[in-house]
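This report goes through a few features of the structure shown below. Please keep the sequence and the coordinates at hand while reading.

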Number of protein chains: 2
Amino acid sequence: MKCNDTLTGIDRRALVSGLALLPVAGALTLTPALAQADPLASWNDGAAKKAILDFVRLTVDRASPQFVAEEERIATFDQDGTLWVEHPLYTQVVYCLDRVRDVVVQRPELKKFESFKTVLSGSREAIAKLSLHELEQILIATLTGMSVDSFAAESAKWLAAAKHPRWDRLYTELTYQPMLEVLNYLRANAYKTYIVTGGGQDFVRGYSQRVYGIPPEQVVGTAGGTKFIRDTDGKPFLMKEPKLLLNDDKAGKPEGIHLMIGRRPRAAFGNSIGDRDMLEYTGAGDGRRLMMLVLHDDAQREYAYGPARGLPDTRVGTFTPELDAEAKKNGWTVISMKGDWKRIFAFD
Amino acid sequence: MKCNDTLTGIDRRALVSGLALLPVAGALTLTPALAQADPLASWNDGAAKKAILDFVRLTVDRASPQFVAEEERIATFDQDGTLWVEHPLYTQVVYCLDRVRDVVVQRPELKKFESFKTVLSGSREAIAKLSLHELEQILIATLTGMSVDSFAAESAKWLAAAKHPRWDRLYTELTYQPMLEVLNYLRANAYKTYIVTGGGQDFVRGYSQRVYGIPPEQVVGTAGGTKFIRDTDGKPFLMKEPKLLLNDDKAGKPEGIHLMIGRRPRAAFGNSIGDRDMLEYTGAGDGRRLMMLVLHDDAQREYAYGPARGLPDTRVGTFTPELDAEAKKNGWTVISMKGDWKRIFAFD
């Protein structure tokens, strides 16, 4: 048994330690038995958990008639309300409002605008009533007109300090633990995971790797143009321009997926009417597909807002009765935060 | 020696066959010694080959002060004239001209336009004199107004049949073997390879995996908008619209890289003045970078066109004296097809 000892000893160890250096997907493809016992440990047993497990099992098994080749394994995730808390305001909007004070120091002429006056007043009620046009003025002043590098530095600084009022925690801690498990589980099965968000592409790319394990090039978001110019020393840089290239919401989601990925997803996750077109586009492909919607029905641990299913309508246009009906008709799986998730956050 | 026999026999074989299942990058990271003797076999020894080998060696060695983390290993390649033949016309322009005959059958009213008359006349001389505006009419009629899927099917059919007049071979066979080796060599060292082309993103994505080993999501190109709509049965699809989102040439190249990748490349390869901004952007980053330009100085095996270095100026604005001067100033490496490449094509 000397040979076997060698094989199960030194060489197996060398192989295993070698595997540890490989990308996770490769390692788990080689040795599926090494996968953790329950990859979705924060999920209660039920239809939602089963839908995810069945989808993965049937699409990665070469013997399955629903097998999907590795290069076709694309999964897309909305961010706000699907991967992290979107209440009471989108995190990026909080960022823009917080930046106003600094921006008017550099550009005092902006103080003349009603929109800036309102934000500087600090009145939540008045801010909530800003018109779309006024909000646009704020977004343009805080998200454009600086270099890509300055914006990355500013937003990183803010994210490292700003806290959510309800939990008194960094916004980046308010990701849903069950969804992080789905991301990891899909990646362990060679799915390429993408964020497809109505939020700003540059903003989300700044933390996507650290927070979700998703590299910047796999973030599709609302994107403005940039301009390649040179500074006074001749050094080239990219300036963020107030020009909208992609409004990554509703129909803009499948359009953005085609622009940035060029393949139809096999799985898509969302939570609002803004994700409906992405899920429809995903479902219109052939073979096995997975479409899921997160329902915020847990006022105690997170929030409860519909307006479908009698949940308090504290936000407009997220989980609408229309979306609920379409989910039923198309067989999309609704994830109940209250029923399907053992815990919401990693710190729970 | 029985144990050794086993190790070098069955188990080594098992290990090697296991490695064959892994992504190339992972396998070579695990066992660099298994890398082929000369990954750039079609290159003559010289400054260009050395620049590539030195760059990879110094950026993937953890002990090197110029080490680059795997996730930062991004390399971008222009396509026309850098990865395959661009002479006498860009392949995609040939496609558009060839499609005109079919398009006017479906839309006879187009025959009234001078631009379409010219193309239908078949006169090369007249076609070469089409104005930019007239060429635009042709491109819009042949590249937009159909679904993404129809376009993919049409262009695939054409690419499977159309041949280059000089070599009487499919256009997809006219890729430069030395550059395919560079792509493979970079990928074997965990570099993510991207095409960044002035050509149409949808067109190039149709064959990038098969021809270059580059998946569609790693092709950045000139991109038009799409519109997410539903057919009469309610089935959703993406329609190609005559709306330019990204003109991926000159300054559009770094802008497109930011939009689609969100990271500055570590290495960039081009051949024309249209690639200058991409190389400048790449070179403006910190740490080790590699910027290279292909010079078409081999009239016998391919073509010779400058206008720099006294090469016949058969095309406007490719390797200009201005680009040549900037390459010298910035230490970009010029690849001489004649001197640096042992062979040009795989079929040579």
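## Aromatic residues

Which residues of chain A form one aromatic cluster? They are A:Trp84, A:Tyr95, A:Phe151, A:Trp158, A:Tyr171, A:Phe203, A:Tyr207 and A:Tyr212. The model is a predicted one, and a search of the whole structure gives 34 aromatic pairs over all chains. In the pair made by B:Phe203 and B:Tyr207, the ring centres are 5.8 Å apart and the planes meet at 85°; since planes over 60 degrees apart count as edge-to-face, this pair is edge-to-face. Both B:Phe203 and B:Tyr207 are buried.

Rings of chain A also have charged groups over them. A:Arg166 sits over the face of A:Tyr303, 4.8 Å from the ring centre. A:Arg169 lies over the face of A:Phe347, and here the distance to the ring centre is 3.9 Å.

## The sheet of chain A

Chain A has an open sheet of seven strands in the order 6-5-4-1-7-8-9, with mixed pairing. Strand 6 (236–246) and strand 9 (333–336) of chain A each have a single partner strand, so they stand at the edges and one side of each is left without a neighbour in the sheet. From one strand to the next, the twist averages 35°.

Strand 8 (residues 290–295) of chain A runs parallel to strand 9 of chain A, and four bridges join them. In strand 9 of chain A, A:Ser336 is the residue that stands opposite A:Leu295.

## Helices on the sheet

Helix 3 (residues 47–60) of chain A packs on the sheet, where it touches strand 7 (267–270), strand 8 and strand 9 of chain A. The direction of helix 3 makes about 155° with that of strand 8 of chain A.

Helix 9 (residues 177–188) of chain A also packs on the sheet, in contact with strand 1 (74–77), strand 4 (192–200), strand 7 and strand 8 of chain A. Its direction makes about 165° with that of strand 1 of chain A.

## Cysteines

A disulfide covalently links the sulfur atoms of two cysteines. How many disulfides are counted over all chains? The count comes to zero. A:Cys96 has a relative accessible area of 1% and is therefore buried. B:Cys96 is buried as well, at 1% relative accessibility.

## Lys163 of chain B

B:Lys163 belongs to strand 2 (residues 163–164) of chain B. Is B:Lys163 buried or partly exposed? With 44% relative accessibility, B:Lys163 counts as partly exposed.

Leaving out residues up to four places away in sequence, B:Lys163 touches B:Asp168, B:Arg169, B:Leu170 and B:Tyr171. B:Ala153 is 10 residues from B:Lys163 in sequence, and their C-alpha atoms are 18 Å apart in space.

Terms used:
Residues are numbered from 1 along each chain as its sequence is written. Chains are lettered from A and ligands numbered from 1 in the order in which they are written. This is a predicted model: local features need pLDDT of at least 70, side-chain atom pairs count only at pLDDT 80 or more; totals for chains, interfaces and linings use all residues. Side-chain values use heavy atoms; hydrogens and water are left out. Helices (H or I, at least four residues) and strands (E, at least two) are DSSP runs, numbered from the N terminus. Buried means under 20% relative accessible area, exposed over 50%, partly exposed in between (1.4 Å probe, protein chains only). Contact means heavy atoms within 4.5 Å. Two strands pair if DSSP finds at least two bridges between them. Axes are lines fitted to C-alpha atoms, for helices over the stretch in contact, and angles run from 0 to 180 degrees between N-to-C directions. A disulfide is a pair of cysteine sulfur atoms within 2.5 Å. Rings of Phe, Tyr and Trp (its six-membered ring) pair if their centres lie within 6.5 Å; planes under 30 degrees apart count as stacked, over 60 as edge-to-face and the rest as tilted. A charge sits over a ring if NZ of Lys or CZ of Arg is within 6 Å of the ring centre and within 35 degrees of the ring normal.
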